[in-house]
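Subject: Handover of a structure and notes on its features

Dear colleague,

Please find below the structure that I am handing over to you. The notes that follow it set out what was found.

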Amino acid sequence: SCIKLINIVILQYNPLDYGSRLKTLQDVKRSNPRPLTLSEKVLYSHLITDAKEWSLDDIERGKTILQLRPDRVACHDATATMALLQFISAGLPRVKIPTSIHSDHLIVAEYGAEADLRRAAGDHQEVYAFLSSAAKKYGIGYWKAGAGIIHITIFENYAFPGGLITGTDSHTPNAGGMGMMGIGVGGSDAVDAMAGMPWELACPKVLGVHLTGQLQGWSSSKDIICKLAGILTVSGGKGKVIEFFGPGCETLGSTAMATVCNMSAEIGSTSCIFPYSSAMSRYLAATKRSDVAAHADLFKEQLLTADPGSDKYYDEIIEIDLSRLEPHINGPFTPDLAHPLSQFKEHMSASSWPSKLSCSMVGSCTNSSYEDLSKVRDLVVQAKAAGLEKVKTPFLVSPGSEQIRATAEERGILETLRQAGATVLSNSCGPCVGQWDRKDVDVAGAERNSVISSFNRNFTGRHDSNPETHSFVTSPELATVFAFNGDLNFDPTTDSVSVDNAGATTEFRFSPPKSMELPTSFSPGDNRFQAPVLSDTSALTVDIHASSDRLQLLTPFKPWEDGKASKMDILIKVSGKCTTDHISPAGPWYKYRGHLENISNNMLLGATNSFLPDASSLEMVGKALDPTDRQTKPVPHTAKSLQRVGRRWCIIGDNNYGEGSSREHAALEPRFLGGVAIIARSFARIHETNLKKQGMLPLTFDDLADYDKIKEGDTISLLGVDDGELQPGKQVTMVIVSKDGSQWTATLNHSYHANQIEWLRAGSALNYIKRVTLG
Ligand code: F3S
């Protein structure tokens, strides 16, 4: 029976079965033959048609819930632990669609690749053993520590034009550089797909970006997305796929397009995609997949590019002329604070940001390609020729994958960088995600400093947990020249760098780097892949110890009880930005990602509580007043204290609550500590779904001004949320009783559709899956 199961898996999920994809698409548009955008083609060709006939006329963007079957699921080590724990508790024998796990987030950057990997092997031995054993048992591919950053490994091995991948990381849209739609999801969404359940997505709107011209001088593809972030802000892409079209697309290499798609996560979009192009075909050939390119060529017009005339069907269009696009530097603290390079010095001097750089970094899944590293080398060589032997700041470089590292090492790129003073880190996330054992500034003392990087995200404390680290994101080439200048008051297009040549100072100006899109061929490097086991694995066990403080089997949440949402305390009224980094901080907490009880001790430690005096002071951030003893404590302590005495609680949130990453811990923790509802001005998409999946109730204010009326000591009851009452599209009433006994009501909205209400009733989506799959 196991062999039969495997055959089903293999037969059902031939990812390159363009023929049947096309048939699905033709069925969807049989009643309406209008031209389709590329995003529509990719999504609709992945619709599950077993139980429902889909028709284009019935699909309304922004409303209709699509039921999709992704071609593949991917998880990184920081989210895989919890996803696997959930998969284990669903009780299924093996995954039903191709799945991979990537060990990239846990490695701490400190001394450089070799030493850091050695440290990770010791520090995370238990987690790595768990991931490896669970991958073996459940038919999952496992990329060990040092193999590469999840999105780069996907790009090199799995991404193909017209595909659909879900990943438990918000930068999964990176695959759009290969014409594949990548969508970031929470671990529980990944578990749905791994279990063969339909994966549900509200049909996104489509924002077309029309590219014309060709990049010039210092401009790079990073500037496309940095500019878009400035236009659209961190929530402007919400509910939308960003689809590129126009002649400018053909001028970009595939990893350059991946950079754009990757960082589309910073504008909150659902995904981002480029049409199949000759650059993608070149990349497939360079990564030994010419057969995929040859097959894709046959379906280019029908499946892999937008139909002529489909631009009428974009919900909105933004024009970008690449020939006139300026280089950008975005930050600090938010990726949408965009500065065109020509204005950056002016903005610096008008601000109080430290201009002296403490560190420059090249890497992350956004900009760690071979092309990126070759541009960095070009600049280092220019500097050396001018007598500038060494960078002026610490300069950290992370290749995106073992293949890129091995190729760059063989071609002498990495040695050139080392000679200029760079530290080559392992092929992993490192400082991008707070895994940085930083010694150059006083992190504990919150030393003010600035860093610049080719990364994508620069929220407060993101890299080093220091709220005073001002982080700017830009292209790898700008990050490199800033490393040589050491100060942000610099514009390489107009300014020179001083070179001290045996006492005589000369001036040297960098030229824009020449780049090499691809090496003639990639070297494979060390094999760090554990292939999925296809034979019977029922006798295999998963390594998990009852006494572990890092891994803990999950206990299912209890089903909804009517009356549970009445007379709730307000744990915290969050004001301002509250990303998943604020809700469940990373850095030192990473180690507890597989242990719900332990990681819950970090809940909302980065959030600002407007109920407290001097709310945004360092001392008050992450604190909440405990109504049982009137003491101000860390938020999780107050939550536990309420839970201990059986008092239920909710959270009041501000705009775009839960933006940022897909980590479902940000939803699991409030549920675990006795939370019932989160009532916010608005939610980020992934986090809102994660809350629903874990049986939390996310609601939004109908009148945004009601947020301001909520006071410390209010209690909240929700009417219309109990069994049979909560209905799709039907508003909920909130009754607020103040300390003085006065009472008022507010109207709330929700985005539940019928199936999701079942999750709430069952206590979690996982409980619901179990009921459906195992009876
Ligand atoms: Fe890793 Fe940073 Fe990308 S955390 S997956 S390199 S955004």
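Two residues are taken to be in contact if their C-beta atoms, placed from the backbone, lie within 7 Å. Residues are numbered from 1 along each chain as its sequence is written. This is a predicted model, in which local features need pLDDT of at least 70 and side-chain atom pairs count only at pLDDT 80 or more, while totals for chains, interfaces and linings use all residues.

I begin with D706, to which the contact definition applies. Leaving aside its neighbours within four places in sequence, D706 is in contact with F701 and A746. D706 belongs to helix α24 (residues 706–709); helices (H or I, at least four residues) and strands (E, at least two) are DSSP runs, numbered from the N terminus. A residue is called buried if 20 or more other C-beta atoms lie within 10 Å of its own, exposed if 12 or fewer, and partly exposed in between, with C-beta atoms placed from the backbone. D706 is partly exposed because 19 other C-beta atoms lie within 10 Å. Between D706 and T255 there are 451 residues in sequence and 46 Å in space, C-alpha to C-alpha.

Domains

The protein chain is assigned domain 1 (39–323), domain 2 (329–508) and domain 3 (568–774); such bounds come from an automatic or database domain assignment. The centres of domain 1 and domain 3, taken over C-alpha atoms, are separated by 29 Å. To their contact, domain 1 contributes 34 residues and domain 3 contributes 27 residues. On the side of domain 1 that touches domain 3, the elements giving two or more residues are α4 and α8 (187–194). Of these, α4 gives the most, with eight residues. The residues on this side of domain 1 divide into 13 nonpolar, 16 polar and five charged. Here Ala, Val, Leu, Ile, Met, Phe, Trp, Tyr, Cys and Pro count as nonpolar, Asp, Glu, Lys and Arg as charged, and the others, Gly among them, as polar.

Helix α8 is mostly covered, as eight of its eight residues are buried. They are G187, S188, D189, A190, V191, D192, A193 and M194. G196 follows α8 and has a positive phi, near 80 degrees.

Helix α22 (residues 665–672) is likewise mostly covered, with eight of its eight residues buried. Its buried residues include H665, E669 and F672. The partners against which the buried residues of α22 pack are α4 (77–90), α19 (580–583), α20 (596–599), β25 (649–653), β26 (675–680) and α23 (685–693). Just after α22, G674 has a positive phi of about 95 degrees.

A helix pair

Helix α11 (residues 278–286) packs with helix α12 (residues 290–298) at an angle of about 150 degrees, and their axes are 7 Å apart. Axes are lines fitted to C-alpha atoms, for helices over the stretch in contact, and angles run from 0 to 180 degrees between N-to-C directions. The two helices α11 and α12 are therefore roughly antiparallel to each other, since angles under 35 degrees count as roughly parallel, over 145 as roughly antiparallel, 65 to 115 as roughly perpendicular and the rest as oblique. S281, L284 and A285 of α11 make the contact with S290, V292 and A293 of α12. These contact residues comprise four nonpolar, two polar and no charged.

The ligand

The ligand is surrounded by 14 residues, of which the closest are S364, C365, C429, C432 and V433; a residue is near a molecule or strand if its C-beta atom, placed from the backbone, lies within 6 Å of it. This shell divides into six nonpolar, five polar and three charged residues. At least three residues of the shell come from each of domain 1 and domain 2.

Which value does phi of S364 take? It is near 75 degrees, a positive value in a residue other than glycine. S364 lies in the loop between β14 (357–362) and α15 (370–385). S364 is buried because 30 other C-beta atoms lie within 10 Å.

Other backbone features

T233 is a residue other than glycine with a positive phi, near 65 degrees. T233 lies in the loop between α9 (221–232) and β9 (240–245), and it is partly exposed, with 19 other C-beta atoms within 10 Å. Finally, G331 and P332 are joined by a cis peptide bond, with omega about 0 degrees. P332 is placed in the loop between β12 (328–330) and β13 (338–340).

With kind regards
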